Amino acid sequence: MPTTVPHMRLGGMALANGLLLHGPRHWAAAVMDDDGEVIVASGPRPRIARGATDRIPLARGVIRMAELLMVVPTARAGLPEARTAGEDGWLGPIMAMGMVANAILRRTTRSVLAQEAIAAAVGLVPVLIALRMSDASLWHAVEHKTIAAYERGGPDGVADSATDPKEHHRCGSNLIVPMVLSTAIGNILARRVHGRRRRLTARAGALALGIGTAVELFAFAERRPHHPVSTAVHQTGHAIQAHFVTREPGEAELAVGRAAMTEILRAERGPRG
C-alpha cells in the first residue's frame, strides 16, 4: 500500500483567501469562501522538462522558479474560489502608483546607479506595504506555521501549528534582496548595449540572471546556513517577513492551513501515475 514519505519537502504560497501547498508531485489548496466555508482541491504539479539544464547553475534556478509560478494558474483552474494576493484591492493601485513614481524619478535622475536604486526601492517598498495591509499577510503566516509544524512533528504536529513562528527560513522573502541587487547590476550592464532591441534583450537577460542568482543563493544558504552570506540572506528575509509580509493569524485561518496540509498529504499518498 502507498504510504506518505515522512517529512517530505513542502513549499507553499499565500492566497488572498487561503493557502496553496505543493509537494514533490502535487499541489493542494484550501480557501475560505464568502460564507466562511472551507473548500479544498488538489491536482498534479505542472512540470518543465529539465534534462541537462537541471545541472547548469543559474539556468536551473530560472526553470524551478517558472515551475513554481505555473502552480498558481493550475490551482486557480482546479479551485475557482481561490483568489491570488494580486487580486487584493490594495495591491493593484499601489503598484500602479509605484510605476508612475518610478518613471518620474528616473527622468529626473542622471546617475545610472541612482536610477537603479530608485527603481528597486520604488518597486519594492510599496508592494511590501500593500501586502502588510492585505489579508495575504495572514495567509503567509499560515503557510509558514503549517509547514513548520509538519516539519517539526509530521502530520500529527500540524494540529499545534499555532505555536510555531510566523517566519520561516525557507520563505521566498529570502530571494527578494539577492534578486533586486543582481537584477540592478544586470540592468546597469545592459545600459551599455547599443540599440533598443538589443538593450531590451539584455534587460530580459538581466532579469533571468537575477532570478537564477537569487535561487542559487537561496539553495546555498540552505546547504550552508552558518556561512556569512547565508546569514545575510536569512536575516534580510526574516526582517521582511517579520515587519512586512506576515501577521499572526487566528484559529479560523489556521484551520484552513490544516485543511490544505491534510489534502496535500492525501494527494501525495495516492498512486503514482
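User: Which residues does threonine 84 touch, leaving out those up to four places away in sequence?
Analyst: Threonine 84 touches Leu15, Ala16, Val72 and Arg76. Touching, or contact, means heavy atoms within 4.5 Å. The model is predicted: local features need pLDDT of at least 70, side-chain atom pairs count only at pLDDT 80 or more, and totals for chains, interfaces and linings use all residues. Residues are numbered from 1 along each chain as its sequence is written, and side-chain values use heavy atoms, with hydrogens and water left out.

User: Why is threonine 84 called buried?
Analyst: Its relative accessible area is 18%. Buried means under 20%, exposed over 50%, and partly exposed in between, with a 1.4 Å probe and protein chains only. Threonine 84 is therefore buried. Threonine 84 sits in the loop between helix 1 (59–78) and helix 2 (91–108).

User: What makes histidine 169 buried, exposed or partly exposed?
Analyst: The relative accessible area of histidine 169 is 47%, so histidine 169 counts as partly exposed. Histidine 169 lies in the loop between helix 4 and helix 5. Beyond its neighbours within four places in sequence, histidine 169 is in contact with Asn174 and His234. Phenylalanine 218 is 49 residues from histidine 169 in sequence and 9.9 Å away in space, C-alpha to C-alpha.

User: How do you know whether glutamate 216 is buried or exposed?
Analyst: Glutamate 216 has a relative accessible area of 18%, so glutamate 216 is buried. Its place is in helix 6. Leaving aside neighbours within four places in sequence, glutamate 216 is in contact with Pro57, Leu58, Arg60 and Gly61. Valine 62 is 154 residues from glutamate 216 in sequence, but the two are 9.7 Å apart in space, C-alpha to C-alpha.

User: How many helices and strands does the protein chain have?
Analyst: The protein chain has eight helices and four strands. These are DSSP runs (helices H or I, at least four residues; strands E, at least two), numbered from the N terminus. The order from the N terminus is β-β-β-β-α-α-α-α-α-α-α-α. Of the 273 residues, 43% count as buried. Take the contacts with a separation of 6 or more: residues 24 or more positions apart account for 65% of them.

User: Why is helix 5 called roughly antiparallel to helix 6?
Analyst: Helix 5 (residues 176–190) and helix 6 (residues 196–223) pack at an angle of about 155°, with axes 8 Å apart. That angle makes helix 5 roughly antiparallel to helix 6. Under 35 degrees counts as roughly parallel, over 145 as roughly antiparallel, 65 to 115 as roughly perpendicular, and the rest as oblique. The angles run from 0 to 180 degrees between N-to-C directions, and the axes are lines fitted to C-alpha atoms, for helices over the stretch in contact.

User: Which residues make the contact of helix 5 with helix 6?
Analyst: From helix 5 they include Pro178, Met179 and Ser182, and from helix 6 they include Arg199, Ala202 and Arg203. By class, the contact divides into nine nonpolar, six polar and two charged residues. Ala, Val, Leu, Ile, Met, Phe, Trp, Tyr, Cys and Pro count as nonpolar, Asp, Glu, Lys and Arg as charged, and the others, Gly among them, as polar.

User: What makes helix 4 oblique to helix 8?
Analyst: The two pack at an angle of about 50°, with axes 9 Å apart. That value makes helix 4 oblique to helix 8. Their contact includes Leu138, Trp139 and Val142 of helix 4 and Glu253, Leu254 and Val256 of helix 8. The residues divide into ten nonpolar, two polar and two charged.

User: Why are helix 6 and helix 7 called roughly perpendicular?
Analyst: Helix 6 and helix 7 (residues 228–245) pack at an angle of about 110°, with axes 9 Å apart. Helix 6 and helix 7 are therefore roughly perpendicular. Leu217, Phe220 and Ala221 of helix 6 meet Val229, Ser230, Val233 and His234 of helix 7. That contact has five nonpolar, two polar and no charged residues.

User: Which residues touch the most other members of the largest nonpolar core?
Analyst: Of its 18 residues, they are Leu10, Leu21, Tyr150, Met261, Ile264 and Leu265. A nonpolar core is a set of buried Ala, Val, Leu, Ile, Met, Phe, Trp, Tyr and Cys residues joined through side-chain atoms within 4.5 Å. Strand 2 (18–22), strand 3 (26–32), helix 4 (136–157) and helix 8 (251–269) each give two or more residues to this core. Helix 8 gives the largest share, six residues. Apart from this core lies another, of eleven residues, among them Ala29, Val31, Val72 and Ala75.
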